[in-house]
Amino acid sequence: MPGWNATHIPDQSGRSAVVTGANSGIGYVTARELARRGASVVLACRSAARGRAAVIRLRAEVPGAQAAFMPLDLADLASVREFAAGYGQRHASLDLLINNAGVMALPYGRTADGFETQFGVNHLGHFALTGLLLPRLRAAAPGARIVNVSSGFHVLGRIGPADAGPSDAGPAGAGLADPGGEHGYRRWIAYGRSKTANLLFTHELSRRFTAAASPLTAVAAHPGYASSNLHSGASKLEGPTLNSRVAALGNAVLAQPTSSGALPTLYAATAPEVGQDAFIGPRFGWRGAPARSWRAGWTLDDASGELLWAASEKLTGVSYAALPR
């Protein structure tokens with residue numbers, strides 16, 4: 001693992017991958033490097049114009065690359081279902097699902113289905129997508145992996161059992177304490193909760209794969225402090241702010257390049273030694289080569305994972321009936 005970089009990615013010839021949010025940033029680099037090593041990659045993006053432009057750019061940078069765009073809006077479960085159905089019509093199997101797309105620290109808003117935007121996009125959209133693509137992942141096993149991209153900021157928001165009665169239960173009434181941060185909304189806390197949800201989902205998915213003796217693997221990754229346009233979503237909605245200016249300055253001065261920020265995701269997706277429920281990030285926390293990353297203890301709590309899972313199935317209408325508890 002020390003010094004691991006994109007040149008160490010094993011040959012991916014004959015393998016297929018879906019990368020969400022792949023039109024720019026870490027998602028684009030992830031898709032490009034997988035394609036460079038021979039994978040057939042689908043760039044799943046909300047914007048058709050940006051998604052198609054990214055495919056053209058990728059093919060120019062990697063001549064002969066197998067890359068295609070498919071529309072996916074994680075803030076709309078109807079779009080998630082359409083994507084999964086369309087992928088299933090075109091492909092018999094899926095080796096790598098990289099749940100990379102996300103939004104960060106947005107003002108309060110709701111998805112098309114009425115969920116708080118960050119929880120809806122960062123967690124529920126990917127939960128639904130993974131469940132709907134599970135038959136294609138199982139068809140590709142062994143060796144198929146799901147990589148959920150979380151963040152070190154998961155420490156800002158814990159998701160756990162409600163202990164103050166129904167008024168504090170999550171929107172599904174499934175015993176979770178306000179998973180989307182609806183009560184007294186604070187954008188960074190809500191972002192942290194959504195990133196905790198990514199890790200709890202990974203933990204519970206791994207636990208269920210193990211219980212089912214499944215050859216599938218679920219892991220998580222985070223980029224550390226990487227130059228990214230993730231913060232731009234908030235600034236586009238509310239105009240320049242002190243937070244957005246500080247983030248832009250940090251990107252320019254302190255952050256590692258996007259090509260380095262994508263390495264933990266690529267390592268999690270392709271390194272043979274990565275096991276169930278691993279959390280991979282930069283060696284020094286915010287930058288460096290990929291390494292096992294510290295995570296908050298609550299992201300390994302079975303009870304919280306089960307409650308989040310039950311709430312997510314109820315909210316999205318997507319059931320993982322084939323996986324035992």
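Me: Before we start, contact here means heavy atoms within 4.5 Å. Which residues does Gly157 touch, leaving out those up to four places away in sequence?
Reply: This is a predicted model, where local features need pLDDT of at least 70, side-chain atom pairs count only at pLDDT 80 or more, and totals for chains, interfaces and linings use all residues. Residues are numbered from 1 along each chain as its sequence is written, and side-chain values use heavy atoms, with hydrogens and water left out. With those close sequence positions skipped, the list for Gly157 is Ile189, Gly192, Arg193, Thr196 and Trp298.

Me: How far apart in space are the C-alphas of Gly157 and Trp298?
Reply: Trp298 is on the contact list of Gly157. Along the sequence the two sit 141 residues apart. In space, C-alpha to C-alpha, the gap is 10.0 Å.

Me: Is Gly157 buried or exposed?
Reply: Buried means under 20% relative accessible area and exposed means over 50%, with partly exposed in between (1.4 Å probe, protein chains only). Gly157 comes in at 2% relative accessibility, so this residue counts as buried.

Me: And what about Leu156, where is its place?
Reply: Leu156 is partly exposed because its relative accessible area is 35%. Helices (H or I, at least four residues) and strands (E, at least two) are DSSP runs, numbered from the N terminus. In those terms, Leu156 belongs to the loop between strand 5 and helix 5.

Me: What percentage of the protein's residues count as buried?
Reply: The fold has 10 helices and 8 strands. Of its 325 residues, the share that counts as buried is 55%.
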